[in-house]
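Dear colleague,

I am handing over the structure we spoke about, and below it you will find my notes on what turned up. Please read them with the structure open beside you.

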Amino acid sequence: MWAYTVQQFRDLSPGVRRFIATESLFGIGSGIFNLILNLHLLDLGVSKGEIGRITSLGALIMGLASLPAGLVVKYVGRKTMLVGGMLLAFLALILFGLGTGIGMITAAQVVWSLSITAIVNSEIQLIFEYCRSKKEETSAYSLLFAIFTLFTGIGTWLGGYLPLWLPGHSTVYQYAFFVAGGCLGLSGLLRGVLLPNAPDKAASGASTAETPGAPAKPKSKHALSFLVLLSLLIFISGFTFSMLNPFLNVILKFRFGMEDGQISGLLALSGFFFFAGSLLMPYVLERWGSRRTFFILFVYNALVVALMAVSMPASVFAGLLLIRGAGFTMLNNLMDSECMSAVAEEDRNLFAGMRTVSRSIGNTIASYWAGYLLAGNHNALPFVLTGLALLTGFGVYAWFVQGKLDRRLGAQG
């Protein structure tokens, strides 16, 4: 499989390779931020319920801003939107580090949510623009996410030790926000310099669909229904992510009494499993096919999270957390890459907005619910609900999406 992955990277277009290379700094900054945010807020005296509300607010803002972002990206361009979003993320992390009151923290969360909205409404479409075929799109997405998760793991590990090396004033985590912000800001600047402008195929596709001064061509009901079905699948993906992932550090701290160093080490190791799952995804997809891979990954993930709801020693839970990370990454990579690949180029900006809205609604509901459950010490219920959501997702895929997705991907070769 390693030789297969190396050959994949060698075959990538130059723009794709540069995009993937600059993902490393983005991953480090995100890993630091993801680990320290909740711990920083707890040290400031913010309750677990308030953390859930702040997280759900961020997801709600992303949902509200995503469709307008899909319109803005048509005019400013995907590269400009991506770079601007990363520089906005730098600003948000500086605000998180400076803020001590709930008002400043909320403002930082708003800026962070807007930055992520800009990034997710431009990055996949942009890297797909640099690709020469659907196969390269699948490889590019998987390798991009592999690099992101590998360096997110490194960032998570650093996040556990930066508070010891560079203790802040408001909390020990304060200066770690500035390090994370520096990584994101530098990544944005490098992308602004190194990434090529959009290739001709994107420009020609945009001019065909969006000629200035010409009336917009209405989407057929068939095309819109297909985008809605894909968005429903992404909604479930967002729900399953935010029911658990934003709160894993809190769960490990309070359910098992782990120290910050232990938490960062385990989550960093989990990042390696994310990395392995991302690398494995194209290999598995090529050999099993889309339909069989979807089935296996839905069932696998549902079983693992159901087991994690059971009372067990910390070591067993840690093992399940690791293998869940690989399977969860594979499933979400498959959803994102297959869905975007199946959408026509002229519809990708629209679908990116719909996808982010759907995922944000799922994130909002799940994060608010999870915060409420954890505040009430119902530590098993988030895992049970995640398992049920995964089974629901499989039902939606099997009954409504599978056939349409197969036909669209087959028609595009």
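A patch, as used here, is made of residues with over 30% relative accessible area and no salt bridge, where like charges are joined within 9 Å and nonpolar side chains (Val, Leu, Ile, Met, Phe, Trp, Tyr) within 5 Å. Accessible areas come from the Shrake-Rupley method with a 1.4 Å probe, and for residues only the protein chains shown count as cover. This is a predicted model, in which local features need pLDDT of at least 70 and side-chain atom pairs count only at pLDDT 80 or more, while totals for chains, interfaces and linings use all residues. Residues are numbered from 1 along each chain as its sequence is written, and side-chain values use heavy atoms, with hydrogens and water left out.

On the surface, L88, F90, L91 and L114 form a nonpolar patch with about 300 Å² of accessible area together. Helix α5 (residues 78-98) gives the most to this patch, with three residues, whereas L114 lies in helix α6 (residues 102-120); helices here are DSSP runs (H or I, at least four residues), numbered from the N terminus. L114 is partly exposed, with a relative accessible area of 37% (buried means under 20%, exposed over 50%, and partly exposed in between, with a 1.4 Å probe and protein chains only).

The structure also holds six salt bridges, each being a side-chain nitrogen of Lys or Arg within 4 Å of a carboxyl oxygen of Asp or Glu. One of them joins the side chains of R191 and E23 (2.3 Å, N to O). Because R191 lies in helix α9 (residues 174-194) and E23 in helix α3 (residues 23-43), this pair ties together parts that are 168 residues apart in sequence. R191 is buried, with a relative accessible area of 0%, and E23, at 3%, counts as buried too.

Another salt bridge is found between the side chains of E137 and R348 (3.3 Å, N to O). E137 lies in helix α8 (residues 134-165) and R348 in helix α16, so the pair ties together parts that are 211 residues apart in sequence. Both E137 and R348 are buried.

A further salt bridge links E286 with R287, with the closest N and O atoms 3.9 Å apart. Here E286 counts as partly exposed at 44% relative accessibility, and R287 likewise counts as partly exposed at 45%.

With kind regards

Notes: Helices (H or I, at least four residues) and strands (E, at least two) are DSSP runs, numbered from the N terminus.
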